[in-house]
Amino acid sequence: MVLKSCLGTIIFLLMISAADARVRPFTRDCPAGASENFRDVVEFLDVHMSAVRTIYEADNNYHPRRGANRRVERRLGRDRKLGRLWFACANDSAPLCDGSSGRHAFGAASNKIRICYKKVSDAAAATPDRGFCRLTELVAHEFGHAVGIKKDRVGNHSDNQNDRVYRWGWAWGDYCRSGGFNRDLR
């Protein structure tokens, strides 16, 4: 009886979460133009994934444990996670925007990426032809968290800024700039 009740509750919650995913907007609380920029970045990641993975994998692995490394490779190869990403823009006054430009929440189970979009767009406006690749680097970094790329322990990740997730983002930024894809944000 208890098992049936628990199973029914789980099925009900899955139905609700699936319904929310279909009606959830691609961006939430973002200024005009941000949605197009995020769509361009996600499309860029999708189109160039195999090239950047080849570059990254030449010198790095995604996780020190072999099983976890294979799991990240599968997540990147299946392409499902990338198609389910959605973005929320944080206010300048949000605590998130004090020390960083973005955040991925709730580990590999989440598809949400929070971005301090005004901070990113202001930095892009100060340096012409810089915005798209910087936004790509930031989204790729947060996407790396979403697929489970290993990061340093709490505190060291943001302080050292040299773990696997940062290198994954930098690989995307370097690829974008060296390929001549950089442009201003819309």
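**A tour of the salt bridges**

Start by selecting Asp174, which counts as partly exposed because its relative accessibility is 47% (buried means under 20% relative accessible area, exposed over 50%, partly exposed in between, with a 1.4 Å probe and protein chains only). You're in a predicted model, where local features need pLDDT of at least 70, side-chain atom pairs count only at pLDDT 80 or more, and totals for chains, interfaces and linings use all residues. Residues are numbered from 1 along each chain as its sequence is written, and side-chain values use heavy atoms, leaving out hydrogens and water.

The term means a side-chain nitrogen of Lys or Arg within 4 Å of a carboxyl oxygen of Asp or Glu. Asp174 and Arg177 sit three residues apart in helix α9, so about one helical turn separates them. (Helices are DSSP runs of H or I, at least four residues, numbered from the N terminus.)

Keep Arg177 selected and bring up Glu137: they form another salt bridge, with the closest N and O atoms 3.0 Å apart. This pair links distant parts of the chain, 40 residues apart, with Arg177 in helix α9 (residues 164-178) and Glu137 in helix α7 (residues 131-147). Buried or exposed, what is Glu137? At 13% relative accessibility, Glu137 counts as buried, while Arg177, at 39%, is partly exposed.

Last stop: Asp122 and Lys118, another salt bridge, with closest N and O atoms 3.0 Å apart. They lie four residues apart in helix α6 (residues 117-126). By this rule, the count comes to seven salt bridges.

Notes
Helices (H or I, at least four residues) and strands (E, at least two) are DSSP runs, numbered from the N terminus.
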